[in-house]
Amino acid sequence: MNILNLFIVIPLIMLLALWASRNLRQTRSVMVVGSSLLLLLAIYLTTDFIAQRGAGADAEFLYAASWQWYAPMNICYSIGVDGISVAMILLSAIIVFTGTFASWRLQPMTKEFFLWYVLLSLGVFGFFISTDLFTMFMFYETALIPMYLLIGVWGSGRKEYSAMKLTLMLMGGSAFLLMGILGIYFGSGATTMNIMEIAALANIPVNVQYIFFPIIFLGFGVLGALFPFHTWSPDGHASAPTSVSMLHAGVLMKLGGYGCFRVAMYLLPQAANDLAWIFIILTTISVVYGALSAISQTDLKYINAYSSVSHCGLVLFALLMMTRTSCTGAILQMLSHGLMTALFFALIGMIYGRTHTRDIHELSGLMKIMPFLSVGYIIAGLANLGLPGFSGFVAEMTIFVGSFEQPDIFHRTVTIIACTSIVITAVYILRVVGKILYGECRNEHHLALSDATWDERFTVICLIICVAGLGIAPMWVSNLIDGGVGNIFTILHP
Amino acid sequence: MEHTIFILALPLLSFLILALAGMKLPHKVAGTIGTLSLATVTVLAYVTAAQYFGAGRGADGLFPTLVPYNFTWLPLTESLQIEMGIMLDPISVMMLMVISTVSLMVHIYSFGYMKGEKGFQRYYAFLSLFTFSMLGLVVATNIFQMYIFWELVGVSSYLLIGFYYTKKAAIAASKKAFIVTRFADLFFLVGILFYGYYAGTFSFEPDVRLLFSAGIVIPVALGLMFIGGAGKSAMFPLHIWLPDAMEGPTPVSALIHAATMVVAGVYLVARMFPIFIEFAPQVLHIIAYVGAFTALYAAVVACAQTDIKRVLAFSTISQIAFMMVALGVCTSDDPHAGGLGYMASMFHLFTHAMFKGLLFLGAGAIIHAVHSNERDCMGGLRKYMPVTHITFLIACLAIAGIFPFSGFFSKDEILTACYSYAPMMEVFMSGVAGLTAFYMFRLYFLIFWGKSYYESQLALFEKGRIEKKPHTPHEAPAAMLIPMVILAAISCLAGFIPFGEFITANGEAYEIHLNTGVAISSTLLAIIGIATATIMYMKGQNKVTLTMKVRSKKFIQAAYHRFYMDELWLFVTKKVIFRGISRPIAWFDKHAIDAFMDLLGSATQTFARQIRTFQSGNIQSYCIWFLHGVMILALILIFLV
């Protein structure tokens with residue numbers, strides 16, 4: 001049996017088991033067992049993938065398999081992974097695993113929460129393993145819909161509004177996507193939905209590419225928080241419960257970048273080359289604009305949501321620079337941002353759970369009250385502002401060095417503009433750290449609050465280890481994804 | 001030279017131990033771990049230096065460049081990769097000695113200074129982290145490794161300045177230090193990117209042909225890198241973070257903000273010197289002018305400060321500027337023909353690290369004794385703190401450039417180098433050196449001479465005017481005095497080190513000889529400075545001082561406020577960036593972009609509400625609509641088909 005199927009089967013079994021579980025204890029055990037299995041499986045997949053590549057397996061996708069399920073439209077359940085998808089699967093598994101612990105004490109309706117949570121992760125895993133456009137789209141939708149309920153039911157603040165806004169905007173994006181997918185399907189002669197086969201045919205006429213590249217890029221770009229379609233993200237994050245924020249910023253936003261790369265640029269290379277400049281401008285705006293708006297936010301989650309806009313903007317920016325190094329950097333940035341933001345949202349959730357406020361003016365002197373969470377927050381902050389030794393630095397430097405490989409004045413200018421984000425990031429991170437962690441605690445109700453519980457410590461430590469691990473030993477990840485990037489790169493630059 | 005790896009590994013290890021388990025350790029154990037690892041590092045650094053310089057010059061008459069470790073950390077493009085390693089050449093070996101010595105002194109000193117302080121273990125953890133990063137910076141094999149450790153020293157400095165994290169001023173200062181240097185690092189990074197792309201490598205020894213073909217880009221890249229260096233080394237106008245950084249514990253100021261980290265910019269320029277001199281001599285001269293202006297500016301401001309640590313901070317800025325000037329006035333890499341500045345700069349870096357470290361440690365002892373930074377609370381301390389007094393005096397004489405203290409020799413070389421570049425430069429810098437002597441002795445007299453604040457308070461107490469009995473100033477404990485005495489000894493003797501034998505721009509030996517004219521004139525100026533300070537401040541406030549104060553009140557006020565540079569920066573950050581850019585963008589995001597999305601939503605709803613009336617359930621209206629439809633269709637059919 002193909003090991004990739006397990007990424008669908010395990011969540012399915014988890015769904016059944018959750019449905020059958022009778023009390024909190026059983027629900028938790030199902031989640032712990034299931035998510036640990038997924039994590040182990042992802043680790044096994046990674047090592048096995050590296051071993052196979054090392055042994056000389058040079059097919060573009062390993063573990064490839066295909067079963068037809070709707071012949072008239074040539075729709076298959078085709079799966080397969082390259083280095084990029086393996087990295088993404090590993091990231092998702094880590095976030096799902098830690099997210100489980102981050103929502104350990106979630107009340108009420110824990111069981112129902114986890115049901116949707118698992119369905120969401122099923123969609124995510126399915127998306128990353130599929131190589132069939134339609135199946136991919138189906139999993140994409142599977143991942144989006146539970147978000148509505150997770151935010152709308154278990155969220156906080158203006159949750160109905162945010163849930164609705166998020167869903168509608170992302171659905172708008174998927175309408176574009178569907179259009180684009182059909183455009184690619186018919187453009188390539190309506191014989192196959194398989195990404196590899198379409199890429200091999202390479203017969204989509206240029207004028208068709210010109211129409212559908214922007215459509216698909218926008219469709220995925222909405223999820224990747226592309227300016228000016230990012231406004232679902234701050235409200236959505238602010239209302240979402242902790243683990244949903246983690247999963248959302250950590251993984252779901254990566255679907256956007258991954259899709260842009262795998263579908264828009266891979267299948268429509270000619271248009272990608274010619275039209276990239278439009279989106280480079282938009283993403284450059286995203287990078288700087290997101291960072292600047294983060295400076296004057298007062299809600300912790302808004303700050304990180306805007307920071308995500310900036311960092312995810314950098315992902316798309318790096319993809320569009322279309323050098324091999326910058327694309328590798330983009331994937332690294334996806335991983336790094338996923339882990340860092342998950343860590344950030346986890347910590348914010350933990351602080352919010354105690355203080356019941358996220359307003360930075362109402363928080364102060366937390367360092368003395370909850371040292372563990374505060375130190376974690378500082379580490380997350382330093383990682384976010386690109387301190388060497390953490391993943392952010394590696395990703396950003398790879399992106400900037402890669403982008404500098406484009407010697408013309410336009411690319412140089414936008415790269416330098418994007419570089420300024422490293423200063424702006426420092427401003428908003430240190431502002432928050434100074435305001436909420438340092439100083440004397442002014443709110444007497446906060447004095448009696450407790451520090452992190454064991455499950456929270458576990459979540460934070462796991463994520464910090466991942467962030468630091470990627471930052472200290474980045475070579476194995478860059479080796480892992482390099483092959484996948486190389487394949488797409490050769491198509492972009494024939 | 002394989003043992004050099006431990007020079008980096010030990011501080012890192014002690015950082016990890018103290019950071020992970022520190023809070024559970026007793027203070028003494030934590031401090032001992034940090035100090036012992038540093039002591040080992042110091043021994044290793046001296047062993048390395050002895051072996052390196054002891055092995056002598058190679059066949060080409062130069063000290064070899066050794067690279068005991070180097071591995072590819074992250075491959076980026078086909079030609080570019082980030083490497084990590086250890087490189088030993090004369091300047092990096094010299095820096096190893098400087099850093100480990102001062103750091104060890106500070107570790108020992110902190111036992112006394114930080115005794116009983118909450119977060120003692122955290123303090124030692126950060127010290128280890130800083131020492132690790134700083135050592136990694138100087139042994140970097142390539143510019144990118146340097147940048148990585150550059151950022152790490154930045155963050156250690158941030159953490160240590162903000163050590164007293166409940167103090168408002170400390171929080172603001174740490175933030176300011178990090179952001180200002182980060183801003184400068186942005187230029188550094190862009191410079192590295194340019195350099196990497198055109199040189200095809202991040203190493204310090206690029207392919208010269210590639211650089212020639214790149215043309216104007218290389219000077220630009222080097223200029224950008226210098227801006228990064230100017231940020232760390234507090235050159236005008238990026239100096240504003242350094243005086244505020246004095247909010248950190250005083251030993252930290254001695255280590256980071258006087259002796260080691262702040263000279264990283266000088267070290268950077270020295271490291272890139274061969275490329276500077278060949279491809280961008282004009283940039284070097286700009287550096288010289290920036291340095292000269294900074295030296296004067298900081299010296300003037302130092303004359304008007306009342307907080308003793310601030311005086312020392314500005315004096316640091318001024319002295320680093322001297323080093324920058326010395327590098328900038330080089331016109332070739334031959335010390336006999338215009339390349340003397342390089343050697344002079346490194347020499348001054350070495351001697352300055354010792355005497356400035358000593359000054360800060362002395363200031364720490366004084367602050368420890370009187371519990372204040374303000375000069376008004378001092379005065380007449382020489383009776384109470386004899387050892388501190390003597391060591392402080394030695395350091396003052398050294399910085400003023402009086403024979404035979406170390407500062408005399410290094411400053412003399414700098415002035416000689418300036419003279420060979422342009423006599424005006426020499427005159428200007430000698431003037432600044434005279435000013436240095438003046439403000440240092442002003443400080444010295446205000447602290448140790450004049451009317452004792454303690455005695456006057458005691459008199460008031462005895463008369464019953466104040467309730468609390470003033471605290472008697474006391475000499476510092478041995479843990480603090482020993483490092484001071486050691487540094488004082490080095491400051492006395494370091495001038496006689498034949499520095500030119502070891503470090504010159506082109507690597508060839510150079511015998512230091514005093515330029516009599518320069519030496520006499522600069523000594524004269526220094527003595528005039530000291531004499532003026534003696535007249536004005538030795539007996540406390542006297543007539544001369546008071547008339548001066550009244551005559552140039554405005555100027556002194558302006559100098560006290562550092563010529564309003566901080567206000568300018570505050571205006572730029574608070575008003576322009578925060579209020580002028582960030583707020584409007586956030587507003588625009590909420591009220592334009594987001595509102596447009598909301599508008600789409602509400603427009604859909606309104607539209608739906610409008611057409612909802614069609615579905616009224618009213619049969620008659622359905623019939624009417626149906627009839628209308630039929631008629632329109634019929635008309636279309638009749639006329640169009």
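**Backbone, packing and interface**

Pro404(B) sits in the loop between helix H16 (386–400) and helix H17 (406–421) of chain B; helices (H or I, at least four residues) and strands (E, at least two) are DSSP runs, numbered from the N terminus. The peptide bond from Phe403(B) to Pro404(B) is cis, with omega near 5°. This is a predicted model, in which local features need pLDDT of at least 70, side-chain atom pairs count only at pLDDT 80 or more, and totals for chains, interfaces and linings use all residues. Residues are numbered from 1 along each chain as its sequence is written, while chains are lettered from A and ligands numbered from 1 in the order in which they are written.

Chain A has a cis peptide bond between Phe227(A) and Pro228(A), with omega about 0°. Pro228(A) is in the loop between helix H8 (206–223) and helix H9 (232–239) of chain A. Ala225(A) is placed in the loop between H8 and H9 of chain A and has a positive phi of about 55° although it is not a glycine. Most residues other than glycine have a negative phi, and most peptide bonds are trans.

Is Ala225(A) buried or exposed? Ala225(A) is buried, because 29 other C-beta atoms lie within 10 Å. The cut-offs are 20 or more other C-beta atoms within 10 Å of its own for buried, 12 or fewer for exposed, and in between for partly exposed, with C-beta atoms placed from the backbone. Asn74(A), in the loop between strand E1 (62–70) and strand E2 (75–81) of chain A, also has a positive phi, near 60°. Asn74(A) has 17 other C-beta atoms within 10 Å and is therefore partly exposed.

In chain B, Ala326(B) belongs to helix H14 (residues 308–328). Ala326(B) counts as buried because it has 34 C-beta neighbours inside 10 Å. Leaving out residues up to four places away in sequence, Ala326(B) touches Gly341(B), Ala344(B), Ser345(B), His348(B), Ile414(B) and Ala417(B); contact requires C-beta atoms, placed from the backbone, within 7 Å.

The contact between the chains takes 37 residues from chain B and 38 residues from chain A. On the side of chain B that touches chain A, strand E1 (66–75), helix H5 (143–161), helix H6 (168–199) and helix H25 (565–612) of chain B each supply at least two residues. H6(B) gives the most to that side, with 13 residues.

How values were computed. Contact = placed C-beta atoms within 7 Å.
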